[in-house]
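Subject: Structure handover

Hello,

Here is the structure, with the sequence alongside. My notes on what was found follow below it.

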Amino acid sequence: MRNVLSKIFGLCLLLIACSSAGATSVTNAHSVASIVSDVKTVKPGDQVTLMLHLKLDKGWHSYWTNPGDSGMPPMFEWQLPQGLQASDIQYLPPEKIDIGPLSNYGYSDNAYYFVNIDVAQSVSEGKYPIKLDADWLVCDKECVPEKASFEFSLTVADQTFRSEQAQQIVQLQQTMAQPYPTEVDFQQQSGQVNLYFKPVSDVGKVTSAFFFSEKEGVISNSAEQQLSEKNGQWQLAIKSLANMAEQSLSGILQLKIGDQYHSYYIDAQASTANLPTSIGFWQAILWALLGGIILNIMPCVFPILSLKALAVCRSQDKQYFHNLWHGLLYSLGIVLSFILFGLVIIALQQTSQAVGWGYQLQSPLVVAGLLYLFFVIGLNLLGVFEWGHSFSKVGNWVTGKQGYFASFATGVLAAVIATPCTAPFMGAALGYALTQPSIIALSVLVALGVGLALPILLITLIPPLARILPKPGAWMETFKQLLAFPMFLSCIWLLWVLMQQTIDLMAFLVLLGLLALSFVFWLRQRCRLQGSWWRSGIFIVLLLLSLYPLYHLQKMPTSTTTTMNANQQTFSPEKLQTLLANNQPVFVNATAAWCITCKLNEINVLNTTAVKKAIDDYQIHYLKADWTQKDDVILAYLNRFNRQGVPLYVIYNRQGDATVLPQLLTESMVINALKNADQSTTENAT
Amino acid sequence: MRKTRSLFSYIAALLFTFSSLQAIAAQHDETLKIGDKAPSFVGNELDGAKVSLSDYKGKVVVLEWTNFDCPFVRKHYDSNNMQALQEKYTDQGVVWLRIISSAPGKQGYLASQSDKNRAKQEGENATYTIIDSNGEIGKEYHAKTTPQMFIIDKKGNLVYQGAIDSIRSTRTADVAKATPYFKNALDEVLAGKKVDQPSTTPYGCSVKYED
């Protein structure tokens, strides 16, 4: 779909260029070059726009001003009469062309390069010869330098008359990048540059973005750039090259909206004031500490904290140092775990990922995993099962009979449970931390950990504090069960997050998995399974079944924006007709929300990364016919294939021939069918 | 004590994770840092002998990524520029290693005996031509184009990486007109001076790694 417009223009232009007098075209091995002018005659003081059009062989590309990791932009050498001045080459927005681990920026099929020639007032009327020696590089798998020499004459007269090609030139020039309507700033972190800009209104949902830098050697040409939204502002995380010290970034910001690319010219300035949370180091430390303390009363952490506190005060009769040592180990567990998380995030920042705190929650797999963990803890608190012999080190919250390592492990557990939660003050502190060098970031995280550990640490440090807590008694059992509910509350929240990240049926599967999990634990508690290996076998099988949704989740693309393909549209017979008339390959998916087979096919095949990539690669138009509600139009379409129900999968190739796929799909079947649909050409009539 | 040992193993795991994550992160940096130790490597040269960077401790080493069919490489070989540089500096004791990182089937890969002969003949002024067909050495050095030049000083540190000269074109006539970044840097290294422009943007065809 990309640049179909320019393909059509290119064709028209070529025809006109060949037919009009004075137009010249040069054929090279892999391109046909022609030059067109937008004027027949020009008045002194006016401007002429010349356009070099390269019609490129399939698979070959030419380059943008910054060619990327390799390649060469075109070089023009003019021989102009006195009073005429040629501008630099002006470019249309480029494409990113990947070759293995490297990337180029350039054009496929058709490339247009524009030059403005200013005619001085002093130039007298007459015919002037103009000579252009153009050198450029075209590459497919190999590179071939090509060139063309054009000689033509320009008539200077008392009036500027536009040529027949002027309109096409103007229309092509209109696809040049327009300046971005609002201000764009950028900020540097280690190894990363973040572009900040406000969304452009009413252009539709942006699914991805890419910044093409005009200047070379500033940012990575090949690394993916992550687009995220925060407080109504877009942020594009770009991997920068080492030693980048630019104060301004200029180039083209390309936003992908639906199946169209919108390109804007930007000249971003370095800014430190743009951070919504620009606080100082000590303030960040203080806020991290406060945030950590408040974390203790958040629904996720509170159960762990309370039970630990109760365990501590239950063992008040022991020696002071014994208790203190427990408290210190617990704190150490928390702090070391936070440092570990911080290290992971810092290391990930250095790679082509753009991450922030909470990054772990962007992965549905992690969310589902935490959901399972919280749920199991909730079940334990409710009394559905007790931790068995092998888990006694980590369990036994209330009895206080923990060993030293158990206290440490409880600290680690508290830290793990705390990570999906945020507390007031934490956000600002973490936002600050992640823009700073590693040492400072880690100090803030240590402060957060200390804050989280503080209540228990204080209780063990200052025994009189422990006396504030109520004396142990039967109420502890009730209290323990009560704490299951904040835990389940956190589960519900995590489930809600999961629902945003993946399709509804996945959430359903995860819930089934949780049910299976609770059944497993209840069963284990009831049936004393140790020693009986076939009962243990059932236990293991059920456990695996309950974990199956997690396995499935990691097969799915983790896009948090939309699970639709970029060129997915709602089905209508007219749309189908138009696409077929234009020799476009189409995939029609007739489905319904209540159709289990449809949903199964979606999870297993249609929504996997491999199939989505195939749809993009082969440029297939994906039409989805949703028959969840009564719809006569869709029914009529189904009837065309003698079907009365869904699912129905039809693939049309470029000749318009329809192939109906079986009702149970496999990945390879679909990918092959898509490939065949794309690669049939109108010349291969069977 | 068993429990203290568990604590220590946890800390050890932490440190290990940190260093491996840093190593992974370093792999993802796109250029080497000037002044860092140049990555060591072992490769096979044209006649099959093993060549290792560590063989040349105490010498200045030049790495030249090449692909004899790339028009940018041809610019420097057809003009005899590259061969002249190779001769001049190997006479001064510089070790000059040409590296071909083209994957099998791609441009520049030495598929036949006549290819190997041609490569040998073109590189006869250099010390060795190394075949890096799995691209490992290329990826360690983040070689992106052919030609691309690296200079390693006597201590084994990277002191220059980038283009051979300043004019990005395929015209042999431009060799004489361009600023010879690489040659200037090499002269500075041999004179014991600090390299003025240690990092320039390389130009050329892309290195033909496997897809």
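The mean pLDDT of chain B is 89, and 86% of its residues score at least 70; pLDDT is the predictor's confidence in each residue, on a scale from 0 to 100. Where pLDDT is low, the predicted coordinates should not be read in detail. For the model, ipTM is 0.84 and pTM is 0.59.

Conventions: this is a predicted model, in which local features need pLDDT of at least 70 and side-chain atom pairs count only at pLDDT 80 or more, while totals for chains, interfaces and linings use all residues. Residues are numbered from 1 along each chain as its sequence is written, chains are lettered from A and ligands numbered from 1 in the order in which they are written, and side-chain values use heavy atoms, with hydrogens and water left out.

Chain totals

Chain A contains 19 helices and 27 strands. Both kinds of element are DSSP runs numbered from the N terminus: helices are H or I with at least four residues, strands are E with at least two. Of the 686 residues in chain A, 51% are buried, where buried means under 20% relative accessible area, exposed means over 50%, and partly exposed lies in between (1.4 Å probe, protein chains only). Among contacts in chain A with a separation of 6 or more, 75% link residues 24 or more positions apart; a contact means heavy atoms within 4.5 Å. Chain A exposes about 31200 Å², with 59% of that supplied by carbon and sulfur atoms. Accessible areas come from the Shrake-Rupley method with a 1.4 Å probe, and for residues only the protein chains shown count as cover.

Chain B has 7 helices and 9 strands. Buried residues account for 50% of its 211 residues. In chain B, 76% of the contacts with a separation of 6 or more are between residues 24 or more positions apart. Its accessible surface is about 9800 Å², and carbon and sulfur atoms hold 50% of it.

Strand β22 and its partners, chain A

Two strands are taken to pair if DSSP finds at least two bridges between them. β22(A) (residues 260-270) pairs with β21(A) (residues 248-257) in the antiparallel sense, through 10 bridges. Within that pairing, G251(A) has I266(A) as its bridge partner. The two strands form a hairpin with 2 residues between them, and G258(A) in the turn has a positive phi of about 65°.

β22(A) also pairs in parallel with β15(A) (residues 178-179), over 2 bridges, and Q178(A) is bridged to Y264(A) there. A further parallel pairing, again of 2 bridges, joins β22(A) to β16(A) (residues 184-189), with D185(A) opposite Q269(A).

The five-stranded sheet, chain A

An open sheet of 5 strands has the order β23-β25-β24-β26-β27 (chain A), with mixed pairing. β23 (568-570) and β27 (658-661) of chain A are at the edges with a single partner strand each, so one side of each has no neighbour in the sheet. From one strand to the next, the twist averages 25°. Angles run from 0 to 180 degrees between N-to-C directions, and axes are lines fitted to C-alpha atoms, for helices over the stretch in contact.

Inside this sheet, β24(A) (residues 586-591) and β25(A) (residues 621-626) run parallel and share 6 bridges; T591(A) stands opposite D626(A). Helix α19(A) (residues 667-679) packs on the sheet and touches β24, β26 (648-652) and β27 of chain A, its direction making about 30° with that of β26(A).

Helix pair, chain A

The axes of α6(A) (residues 364-382) and α13(A) (residues 504-527) come within 11 Å and cross at roughly 35°. The crossing is right-handed, meaning that the near helix is turned clockwise from the far one by less than a right angle. Residues in the contact include L371(A), F375(A) and L379(A) from α6(A), and V510(A), L514(A) and F521(A) from α13(A).

Backbone points to check

Most residues other than glycine have a negative phi, and most peptide bonds are trans. N583(A), not a glycine, has a positive phi of about 55°. N583(A) lies in the loop between α15 (573-581) and β24 of chain A and is partly exposed at 29% relative accessible area. Q619(A), also not a glycine, has a positive phi of about 55°. Q619(A) is in the loop between α17 (609-617) and β25 of chain A and is partly exposed at 37%. In chain B, the peptide bond from T146(B) to P147(B) is cis, with omega near 0°; P147(B) is in the loop between β6 (145-146) and β7 (148-152) of chain B.

Regards
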